[in-house]
Amino acid sequence: MGKRAVVVGATGAVGSALVSQLLASPAWAHVTTVGRRAGPPPPSDLAHKLAQTVVNMDALVAEGAPAFAGADVAFCTLGTKRRIAGSAEGYIKVDLTYVAEAAKAAKAAGVRHFSLVTSKGASTWLPASHFVGLHPLLYLHTKGRAEEAVKAQGFERVSILRPGVLQRTAAAPAGGLLPSIKVADVARAMVADAERPADKAVGVLEMGAIQALAKVQAAKGA
């Protein structure tokens, strides 16, 4: 029997790539998505492996709890942008509050491994301000707080991936100071990490490790 996964944030760039890869892999028997809306249906030959659970994200623990039951790994790829969220408070709700609630739901359901995507440079030590001009600091500070919220749940295993700029198209972002990585490669690294034996309770994967794992997974044809 293969592994069972839950993906929170499955309609985003990394999340949708992750779901596709999990469904295509024979190592994974079933995938459940949890979010405010369902994603597109998978190919008909893979439809039996996917269940999509739509919830009110403000009641994620109560409404989403059944979806986590029996899962081996909970993947969280939640993330938004301030301009989409509409405010600093809206951004924090998605990138911190909902992440923390997803971790609570997973822990309550007995999930042993939680895998989270944050960002290169994530740290609670950075100062944070709601002033729009200082949003990059708030962004990294919030990602750091999300990491701590997940670790605080006491999972047997936590994986934290800190990629650089996410590359959503074939072309790399122009003029960026931070290294970029394709969203599909971040997803590959998450899958590869979840499939390998754990060497520590909390594993933090920076860009180099993410890229190396993505290469290994790509070599498998995934």
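Biologist: Which helix is Ala105 found in?
Modeller: Ala105 is in α4. Helices here are DSSP runs of H or I with at least four residues, strands are runs of E with at least two, and both are numbered from the N terminus. Before we go on: this is a predicted model, where local features need pLDDT of at least 70 and side-chain atom pairs pLDDT 80 or more, while totals for chains, interfaces and linings use all residues. Residues are numbered from 1 along each chain as its sequence is written, and side-chain values use heavy atoms, leaving out hydrogens and water.

Biologist: Why is Ala105 called buried?
Modeller: Its relative accessible area is 1%. Buried means under 20%, exposed means over 50%, and partly exposed is in between (1.4 Å probe, protein chains only). So Ala105 counts as buried.

Biologist: What does Ala105 touch, not counting residues up to four places away in sequence?
Modeller: Val61 and Phe68, where contact means heavy atoms within 4.5 Å. As for Arg82, 23 residues away along the chain, its C-alpha atom is 25 Å from that of Ala105.

Biologist: Staying with α4, what makes α4 and α5 roughly parallel?
Modeller: Their packing angle is about 15 degrees, with the axes 8 Å apart. The axes are lines fitted to C-alpha atoms, for helices over the stretch in contact, and angles run from 0 to 180 degrees between N-to-C directions. Under 35 degrees counts as roughly parallel, over 145 as roughly antiparallel, 65 to 115 as roughly perpendicular, and the rest as oblique. That is why α4 and α5 are called roughly parallel. The contact includes Tyr91, Ile92 and Leu96 of α4 and Leu138, Tyr139 and Thr142 of α5.

Biologist: What makes α6 roughly perpendicular to α7?
Modeller: The axes of α6 and α7 (residues 207–219) cross at roughly 80 degrees and come within 7 Å. That angle puts α6 roughly perpendicular to α7. Asp193 is one of the α6 residues in this contact, and Leu213 is one of those from α7.

Biologist: How do you know that Asp193 and Arg157 meet in a salt bridge?
Modeller: The term needs a side-chain nitrogen of Lys or Arg within 4 Å of a carboxyl oxygen of Asp or Glu. For Asp193 and Arg157 the N to O distance is 3.1 Å, which qualifies. Asp193 is in helix α6 (residues 183–195) and Arg157 in strand β6, so the pair ties together parts 36 residues apart in sequence. At 3% relative accessibility Asp193 is buried, and at 12% so is Arg157.

Biologist: Why do Glu156 and Arg112 count as exposed?
Modeller: Glu156 comes out at 53% relative accessibility and Arg112 at 54%, so both are labelled exposed. Their side chains form a salt bridge at 3.6 Å, N to O. Glu156 is in the loop between α5 (135–151) and β6 (157–161), Arg112 in the loop between α4 (88–108) and β5 (113–117), so this pair ties together parts 44 residues apart in sequence.

Biologist: How far apart are Lys151 and Glu148 in helix α5?
Modeller: They are 3 residues apart, about one helical turn. Their closest N and O atoms are 2.9 Å apart, making a salt bridge. Lys151, at 31%, is partly exposed, and Glu148, at 38%, is partly exposed too.

Biologist: How many salt bridges does a search of the whole structure find?
Modeller: It finds 11.

Biologist: Where is Thr77 found, and what makes Thr77 buried?
Modeller: Thr77 is in the loop between β4 (73–76) and α3 (82–85). Its relative accessible area is 13%, so Thr77 is buried. Leaving aside neighbours within four places in sequence, its contacts include Val14, Leu18 and Met190.
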